[in-house]
Amino acid sequence: MGMIELDKVQEGMVLDAPVRDPYGRILLNTGTPLQERHIEMFRRSGITEVEIVGSEKTEVDEASTIDPEVLAKSQQMMEEQFRFTDRLWNVTDEIFRLAVLADARKKMKEY
Amino acid sequence: MAIPTKLIEGFRGTASLPIIYLKLHEAINDPYSSLSKVSAIISDDAGLSARLLKLVNSSFYGFPQRIETISDAVSLVGSKQVRDLALVTTMMKAFQGIPEDLIDMEMFWMHSMACGVGAKVISEMIGESQIERYFVAGVLHDLGRLIMYSKVPNESRIILERAKNEHRPMVDIEYDVLDCSHTEIGRALVDAWKLPSCFQEVVAYHHTPEKAQQYPIETAAVHIADIVVHALQYGTSGERFVPCMKKESWHKLNLSIDELPKLVRTIERDVESVVHLLQSEVTV
């Protein structure tokens, strides 16, 4: 995930997705380099995380932060759901990988 | 054998159903329109007005004072959000009374809304300008299933059971049992409602997007959104398996595989914002 906690956001970082307030209104749009006053505005609006360009690489490590047992369970369940898809095709396989991660993340939260 | 045009009888009367959506849509897109015009359209529908006021006074918004007028509500929630709320609430109302053992309606609308969000996110990623059309197309895509559940509940029960026991995609069994599928039934209703032809194609071809003639991009976007939200387990319309993706549709959208994590992330975020609309509806 390219989400970064607001406390770790620094001036000059660039938004990778619009930041919305709790009512769904856009506070700041994609591509904006952040200034201190923006970060302050997010804080006041109750924003806790924002998406930052170039922070994608953290996503690769995400699987390693999840309990392998949970991950295995999610994988097994998804294999059944994906039985009519062509997983040899890399697009489907990537959706499979993301679905397993999303399910495992949900299961971790429930614990 | 079931004939789609026969099945939709009884729903024709609700032909005005999405009209309020289209009226709001027009008013919002008209640069000479105003907040008072949007409010007037909503005020014409007492049920919708009541729902909207209930929503803005719910804990989700948590406004400190009680909101008493429609125009205050519209300016606080946003006119586009109000329009989407209108679409889903009017549709939900039209399909009340479906036996609960067939489908959990909250799950059904969750799947529909998530698919709408998915199609909208895809349209933004490929630089389409009319993103709202993608949202509506996505919300409508499985409409035929609702008609199936309400008009032929016994056959629907057989279809669901056979799909489960035989481990086969539901859409295949629909053809076995009814000789047609939810795509053709949904199309017949969209035709009867005289909705824009874009929605006809998407509803008819979201499982066979290669057949779309006039709106191949919209159809491909909904086809892929349907698959992604299935994989992310947002609700269900009855189908238990992730549908198979057509390669041509993927290539048609010119999306790169590296954009998939972003697609998933954005869908997850945006679905959150429509979920509360849904919850407020189910409890109204």
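How many helices and strands does chain B have? Chain B has 16 helices and zero strands, where helices (H or I, at least four residues) and strands (E, at least two) are DSSP runs numbered from the N terminus. What you have above is a predicted model, in which local features need pLDDT of at least 70 and side-chain atom pairs count only at pLDDT 80 or more, while totals for chains, interfaces and linings use all residues. Residues are numbered from 1 along each chain as its sequence is written, and chains are lettered from A and ligands numbered from 1 in the order in which they are written.

**The two chains**

Let us start with chain B. Its radius of gyration is 19 Å, close to the 19 Å that the globule rule gives for 284 residues, so chain B is as compact as a globular protein of that length. (The radius is taken over C-alpha atoms, and the rule is 2.2 Å times the number of residues to the power 0.38.) The C-alpha trace of chain B spans about 55 × 45 × 35 Å along its principal axes.

Chain A holds four helices and four strands, and along the sequence they follow the pattern β-β-β-α-β-α-α-α. With a radius of gyration of 17 Å, well over the 13 Å that the globule rule gives for 111 residues, chain A is more spread out than a compact globule. Its C-alpha trace spans about 50 × 30 × 25 Å along the principal axes. The domain assignment gives domain 1 (3–58) and domain 2 (61–110) in chain A; such bounds come from an automatic or database assignment. The C-alpha centres of these two domains lie 28 Å apart.

**Where the chains meet**

The contact takes 23 residues from chain A and 21 residues from chain B, counting two residues as in contact if their C-beta atoms, placed from the backbone, lie within 7 Å. On the side of chain A, helix H4 (residues 90–110) gives the most, with nine residues. By class, the residues on that side of chain A are 10 nonpolar, six polar and seven charged. Here Ala, Val, Leu, Ile, Met, Phe, Trp, Tyr, Cys and Pro count as nonpolar, Asp, Glu, Lys and Arg as charged, and the others, Gly among them, as polar.

Two packed helices are described by the angle between their axes and the distance between the axes. Axes are lines fitted to C-alpha atoms, for helices over the stretch in contact, and angles run from 0 to 180 degrees between N-to-C directions.

| Helix pair | Angle | Axis distance |
|---|---|---|
| H4(B) (residues 46–56) and H5(B) (residues 70–77) | roughly 55° | within 10 Å |
| H13(B) (residues 197–205) and H14(B) (residues 216–231) | about 40° | 9 Å |
| H3(B) (residues 35–43) and H5(B) | about 115° | 9 Å |

In the contact between H4(B) and H5(B), B:Ser49, B:Leu52, B:Leu53 and B:Val56 meet B:Ile70, B:Ala73, B:Leu76 and B:Val77. By class, that contact has seven nonpolar, one polar and no charged residues.

For H13(B) and H14(B), B:Cys198, B:Glu201, B:Val202 and B:Tyr205 meet B:Glu218, B:Thr219 and B:Val222. This contact has four nonpolar, one polar and two charged residues.

H5(B) also packs with H3(B). The residues that make this contact include B:Leu35 and B:Val38 of H3(B) and B:Ile70 and B:Val74 of H5(B). By class, it has five nonpolar, five polar and no charged residues.
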